[in-house]
Amino acid sequence: MKVTVYSDYVCPFCYLGKHPLEEALKEVENVEVEWKPFQLRPEGSEPLSPNSSYIQQGWKFGVQPLAEKLGVEMILPTMDPHPSTKKAHRGFLFANEHGKGSEYAQAVLAGFWTKGKEIGDVNVLADIAENLGLDRASFIDACSSTSYDHSIQNPSFINAVPSFIIGDTVLQGVQSKEAFIQALNNQKQVEQSSLSCDIDGNC
């Protein structure tokens, strides 16, 4: 069974949203989490300043109370503006090819939202990749190349992140552990019911 997660590293709710999922996965076995890139502010979009009233209000009245409710420690990174995530997504696709996609995605999210790392800087990303056992020079080449860009096209069926796809169910935003458990168990029943043979012996 698989959960596909569309997220962007500068989305605070993407960092928050993974925690209830992780709690749910402690109670539902044999679930694979597949991360997918989604760029909230593609090239040409106006970058966001953490000092803008939009971000400050969103942090004070949305992100911070939710983080406290979930017991998640995080900070509002102070670099101004917040970085583009194109290079970080390229790095994810490289890491994913080498079996480190999930670890990389979570490390970049945590690096930004708990330590305020400049994740638009290739060398900062390379430090993360190297700590995961990836080749630094090859990683930097991947982040600086456009060869992965065809895989960073935002799909039309995703209009908000985080989005969690479990079978035919799409959960958007920060969900409760219970919501994930229900969706996962429902999908497990669907998959189990499809494992059958008809009266003609077709399986």
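Modeller: A salt bridge here is a side-chain nitrogen of Lys or Arg within 4 Å of a carboxyl oxygen of Asp or Glu. The model is predicted.

Colleague: How far apart are the closest N and O atoms of Glu22 and Lys18?

Modeller: Both residues lie in helix H1. They are 4 residues apart, about one turn of the helix. An α-helix has 3.6 residues a turn, so residues three or four places apart point the same way. Glu22 and Lys18 form a salt bridge, and their closest N and O atoms are separated by 2.8 Å.

Colleague: How many residues apart are Glu34 and Lys2 in the chain?

Modeller: Glu34 forms a salt bridge with Lys2, with 3.8 Å between the closest N and O atoms. The pair links distant parts of the chain: Lys2 is in strand E1 (residues 2–7) and Glu34 in strand E2, a separation of 32 residues.

Colleague: Why does the pair of Lys86 and Glu43 tie together separate parts of the sequence?

Modeller: The two form a salt bridge, with the closest N and O atoms 2.9 Å apart. Lys86 lies in helix H3, while Glu43 is in the loop between E2 and H2, so the parts they tie together are separated in sequence by 43 residues.

Colleague: Which residues do salt bridges with shared partners join into one network?

Modeller: Lys86 counts as buried, at 11% relative accessibility. Glu43 counts as exposed, at 54%. Both belong to one network, whose members are Glu43, Lys86, Arg90 and Asp149.

Colleague: How many residues does helix H4 have?

Modeller: H4 runs over residues 101–115. From first C-alpha to last it reaches 20 Å, close to the 21 Å expected at 1.5 Å a residue. Gly116, with a positive phi near 65°, follows H4. The helix has 15 residues.

Colleague: Which elements are included in what covers the buried residues of H4?

Modeller: The buried residues are Gly101, Tyr104, Ala105, Val108, Leu109, Gly111, Phe112 and Trp113. One strand is included in their cover, E2 (32–37). The cover also includes helices H1 (12–25), H2 (53–70), H3 (86–97), H5 (122–131) and H6 (136–144).

Colleague: How many aromatic pairs does the structure hold?

Modeller: A pair of aromatic rings is described by the distance of the centres and the angle of the planes. Ring centres must lie within 6.5 Å to count. The structure's total is 7.

Colleague: Is the pair of Trp59 and Trp113 stacked or edge-to-face?

Modeller: The pair links Trp59 in helix H2 with Trp113 in helix H4, 54 residues away in the chain. Trp59 is buried at 11%, and Trp113 at 2%. The ring centres are 6.2 Å apart. With 10° between the planes, the pair is stacked.

Colleague: What is the angle between the planes of Phe164 and Phe180?

Modeller: This pair is edge-to-face, 4.9 Å centre to centre. Phe164 is in strand E3 (residues 163–166) and Phe180 in helix H7 (residues 177–193), 16 residues apart. Both are buried. The angle is 80°.

Colleague: Which residues form one aromatic cluster?

Modeller: Tyr104 is one member, and is also among the buried residues of H4.

Colleague: Which residues is Thr85 in contact with, leaving aside neighbours within four places in sequence?

Modeller: Thr85 sits in the loop between H2 and H3. It is buried at 2% relative accessibility. Its contacts are Asp8, Tyr9, Val10, Gln39 and Ile119.

Colleague: Which residues does Ile55 touch, not counting those up to four places away in sequence?

Modeller: Ile55 is in helix H2 and is buried, at 15%. Its C-alpha is 15 Å from that of Tyr9, 46 residues away in sequence. The residues it touches are Leu48, Ser49, Pro50 and Leu76.

Terms used
Residues are numbered from 1 along each chain as its sequence is written. This is a predicted model: local features need pLDDT of at least 70, side-chain atom pairs count only at pLDDT 80 or more; totals for chains, interfaces and linings use all residues. Side-chain values use heavy atoms; hydrogens and water are left out. Helices (H or I, at least four residues) and strands (E, at least two) are DSSP runs, numbered from the N terminus. The expected span of a helix is 1.5 Å times one less than its number of residues. Buried means under 20% relative accessible area, exposed over 50%, partly exposed in between (1.4 Å probe, protein chains only). Contact means heavy atoms within 4.5 Å. Rings of Phe, Tyr and Trp (its six-membered ring) pair if their centres lie within 6.5 Å; planes under 30 degrees apart count as stacked, over 60 as edge-to-face and the rest as tilted.
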